[in-house]
Amino acid sequence: MRHTKHFLFSLCLLLIKPATSAASELDSAFIERFATTYLIEIFPSTNEEKVRISVAHLDPRIIIKPCNIPLTANIHDKNSTRNVNIKISCDEPTPWKIYLSAKIEITKAVLIAKSTINQGDKLDESNVELAYIAINKIRGDKLTDTAIVFGAKAKRRIAKGKAISKKSICLICKGDVVTIIVSSEVFTIKSQGVALSSGNINEQIKVRNTRSKKIITPRVKAINQVIIHL
């Protein structure tokens with residue numbers, strides 16, 4: 001799908017001189033700002049993602065002709081989030097167009113290892129931090145909420161700077177002693193057990209009840225807590 005945006009010269013009076021002379025004063029700096037403004041609207045930053053846009057400079061040998069109607073800008077594919085070509089057009093009876101290249105870097109906030117975390121280490125503010133990573137370097141689902149990470153243990157070594165994923169941690173790990181909560185609308189019973197598998201929030205794991213020796217499959221509720229709803 002082609003994405004086209006019209007920018008009226010009246011919106012650009014702060015960037016150029018009065019509209020009566022605007023047509024004769026189009027220059028490379030204006031075209032580059034025009035392209036940058038367009039890309040910022042197409043790829044806006046959010047609380048979760050930051051966007052950095054770098055528009056290449058026009059060849060100074062290019063002569064920019066006047067245009068007495070609103071310019072248009074478009075890119076061929078909005079889904080391209082690394083390198084794009086922007087077409088700036090003047091659709092007068094004698095039209096012209098200019099192409100600029102731009103680099104778009106989108107980064108996403110994820111939890112990463114502040115320092116090397118060894119297998120079995122507990123994750124907390126001393127070894128985990130939130131950082132923005134280029135989305136093309138993120139593989140799989142990465143974690144962003146410290147509430148489900150702090151207190152968990154590393155299932156394997158996590159190198160410094162690497163993103164934290166569910167596969168690399170366990171809120172309850174195999175061999176942990178856990179509290180088993182059996183809950184209904186009218187009663188709650190607690191007992192003790194040993195985790196026979198590892199898991200994170202809301203995941204089902206196998207647990208052996210210490211007293212009855214029965215193996216059950218409750219869901220992880222919190223650190224060292226599992227629950228069965230009746």
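**Surface patch and disulfides**

Start at the surface. Val186, Phe187, Ile189 and Leu230 form a nonpolar patch, with about 440 Å² of accessible area together. Patch members need over 30% relative accessible area and no salt bridge, and nonpolar side chains (Val, Leu, Ile, Met, Phe, Trp, Tyr) are joined within 5 Å, like charges within 9 Å. A salt bridge is a Lys or Arg side-chain nitrogen within 4 Å of an Asp or Glu carboxyl oxygen. Areas are Shrake-Rupley, 1.4 Å probe, and for residues only the protein chains shown count as cover.

A word on the source. This is a predicted model: local features need pLDDT of at least 70, side-chain atom pairs count only at pLDDT 80 or more, and totals for chains, interfaces and linings use all residues. Residues are numbered from 1 along each chain as its sequence is written, and side-chain values use heavy atoms, without hydrogens or water.

Ile189 sits in strand β10, residues 188-195. Strands are DSSP E runs of at least two residues, numbered from the N terminus. Ile189 has 47% relative accessibility, so it counts as partly exposed. That class lies between buried, under 20%, and exposed, over 50% (1.4 Å probe, protein chains only).

Now the disulfides, cysteine sulfur pairs within 2.5 Å. The whole structure has two. Cys67 joins Cys90, S to S 2.1 Å. Cys67 is in the loop between β2 (49-55) and β3 (71-75), Cys90 in strand β4 (residues 83-90), so the link ties together parts 23 residues apart in sequence. It is right-handed, with 90° about the S-S bond. Both Cys67 and Cys90 are buried.

Next, Cys170 and Cys173. Their sulfurs are 1.8 Å apart. This link is right-handed, at 85° about the S-S bond. Both Cys170 and Cys173 are buried.

Notes. Helices (H or I, at least four residues) and strands (E, at least two) are DSSP runs, numbered from the N terminus.
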